[in-house]
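Please look over the chain below. A short briefing follows, grouped by topic.

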Amino acid sequence: MGERKREFYEEVNKEGEKTCMECYYGESEKDKIRKKIVHIFIGGQTMRKKIMKRCLIGLGIIFGVIVVYKGGISGHSVPILKEESISEYRTVTLGGIEQSILIRGENKGNPVLLYIHGGPGNPETPFVVPYQKEWEKYFMVVNWDQRGAGRSYSDDIDTDQLTTDLICSDAIELTEYLKETFDVDKIYLVAHSYGTYVGMRCIQSNPEDYYAYVGIGQIGNQQNNERYLITYATEMALKTNNQKAITELNTLGELPYDKTEFGKKISLSRKWTTYYGGSVYGKKNSNCFTLEAILRPEYNVFDLIHYIQGENLYYSNTKSDHARWELFNANLLEEIPSVEVPVFFIQGEHDFTTSFQACSEYYDHLQAPYKELIPVPDCAHNPVYEATSTVSHILIHKVRTIITSKD
């Protein structure tokens with residue numbers, strides 16, 4: 001192609017503003033695209049205003065669609081079309097604080113199963129319901145948004161009230177409420193991630209209230225767990241020659257961390273374990289579940305905002321980051337060496353959030369009337385979502401069957 005000529009020209013828009021553009025003759029496609037971009041971003045205030053206005057209108061439309069799609073003011077649970085079914089939100093007062101629970105099941109005569117979410121401060125109600133459909137055939141499944149989290153968020157909650165002791169007390173109080181409401185002597189307890197710290201403490205202090213305990217993404221010695229995560233992330237970073245990951249992981253230093261810095265450091269280690277499939281096997285993030293939560297009816301748009309506010313309540317203030325600090329320093333090998341309730345651990349073999357190795361060490365140490373560690377292949381930290389049928393089969397045909405046969 002011959003020499004490309006260049007000249008400047010002035011463009012006058014409808015408002016009479018002049019914009020100076022550099023024009024090429026014989027220009028390439030890349031030059032044409034570049035020229036358009038320049039025209040948008042430095043081609044005059046009017047064009048920028050138009051682009052901004054269109055973006056705001058677009059965002060407004062998207063927000064409006066989400067509000068309408070998600071039921072406006074009230075989040076709701078999809079009805080279960082069975083004569084004896086239950087599908088409803090309830091607000092219960094636990095520890096003097098109003099908290100939200102969702103109860104779903106095909107038959108009110110089935111055993112009660114309480115699901116304790118992780119985090120701390122990360123309810124699973126907007127995510128987990130479609131993955132519990134098989135559970136609902138055999139249990140009344142109760143999803144609980146813990147104090148200050150999700151639908152249980154309140155501007156009046158003090159961060160000093162967000163401790164593991166108080167959350168455990170809430171869980172025991174909720175257990176009593178469920179026993180009384182449905183006239184049962186015991187319930188099943190299923191917990192995930194941080195919830196396993198709460199769940200194990202519940203069955204230790206009140207074994208008479210529970211048929212069995214199921215820990216999914218079970219914690220053990222959390223300091224050892226952190227070492228395993230950092231080792232895994234570093235090995236993967238070296239293997240893939242990821243210089244950014246190597247540099248960031250090298251800044252972590254020696255364990256244990258000080259309280260003023262631990263939040264930032266564990267977020268950094270989990271950033272890279274998640275990137276290398278330690279949260280969702282084979283994926284660099286869990287965005288697919290986030291999108292599902294946005295589209296599900298259990299949370300309306302205001303509930304989603306409260307979800308974010310609650311998460312910030314638990315995570316943003318390091319001086320009052322009680323529950324997360326307590327989790328970081330938990331060592332169940334010393335705190336809970338034995339229980340009087342049958343225990344099942346369901347652990348992803350590729351879990352590098354609560355590592356399989358740390359869980360196995362705790363399992364070997366734990367004394368219980370019955371215990372079973374169930375590895376889940378091709379799965380990381382979220383077996384309920386990643387291996388839904390496997391987890392459902394374990395709950396229905398192993399946990400429930402074993403307990404029923406013992407009775």
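**A buried phenylalanine and its surroundings**

F328 is buried, with a relative accessible area of 4%. Buried means under 20% relative accessible area, exposed over 50%, and partly exposed in between, with a 1.4 Å probe and protein chains only. The model is predicted: local features need pLDDT of at least 70 and side-chain atom pairs pLDDT 80 or more, while totals for chains, interfaces and linings use all residues. Residues are numbered from 1 along each chain as its sequence is written, and side-chain values use heavy atoms, leaving out hydrogens and water.

**F328**
- F328 sits in helix α11. Helices are DSSP runs of H or I with at least four residues, strands are runs of E with at least two, and both are numbered from the N terminus.
- Leaving aside residues up to four places away in sequence, F328 touches Q222, Q223, E226, L255, Y257, F262 and I266. Contact means heavy atoms within 4.5 Å.
- F328 and N225 are 103 residues apart along the chain, yet their C-alpha atoms are separated by 9.4 Å.

**Overall build**
- The chain has 15 helices and 10 strands.
- Of its 407 residues, 50% count as buried.
- Take the contacts between residues at least 6 apart in sequence: 73% of them join residues at least 24 apart.
- The chain exposes about 19,900 Å², and carbon and sulfur atoms supply 53% of that area. Areas come from the Shrake-Rupley method with a 1.4 Å probe; for residues, only the protein chains shown count as cover.

**Largest pocket**
- The largest pocket has a volume of about 1,200 Å³. A pocket is an open set of points on a 1 Å grid over the protein atoms alone, where a 1.4 Å probe fits, with protein on both sides within 12 Å along at least five of seven lines. Volume is the space filled by probe spheres set on the points, which are joined across faces, edges and corners.
- Its lining has 40 residues, and N122, S286, Y307, E311 and Y315 lie nearest the centre. Lining residues have an atom within 4 Å of a point.
- Helices that each supply at least two lining residues include α6 (222–239), α8 (259–275), α10 (301–315) and α11 (322–328).
- By class, the lining has 17 nonpolar, 17 polar and six charged residues. Ala, Val, Leu, Ile, Met, Phe, Trp, Tyr, Cys and Pro count as nonpolar; Asp, Glu, Lys and Arg count as charged; the others, Gly among them, count as polar.

**Helix α4**
- Helix α4 covers residues 164–182, 19 residues in number. From first C-alpha to last it reaches 27 Å, close to the 27 Å expected at 1.5 Å a residue. The expected span is 1.5 Å times one less than the number of residues.
- Its buried residues include I167, D170, A171, L174, L178 and K179.
- Just after α4, D183 takes a positive phi of about 55°.

**Backbone exceptions**
- Most residues other than glycine have a negative phi, and most peptide bonds are trans.
- S193 is not a glycine, but its phi is positive, about 60°. S193 lies in the loop between β7 (187–192) and α5 (194–205), and counts as buried at 11% relative accessibility.
- D378 also has a positive phi, near 50°. D378 lies in the loop between β10 (371–376) and α14 (383–386), and is exposed, with a relative accessible area of 54%.
- The G119 to P120 peptide bond is cis, with omega near 0°. P120 is in the loop between β5 (112–116) and α3.
- The L255 to P256 peptide bond is cis, with omega near -5°. P256 is in the loop between α7 (243–249) and α8.
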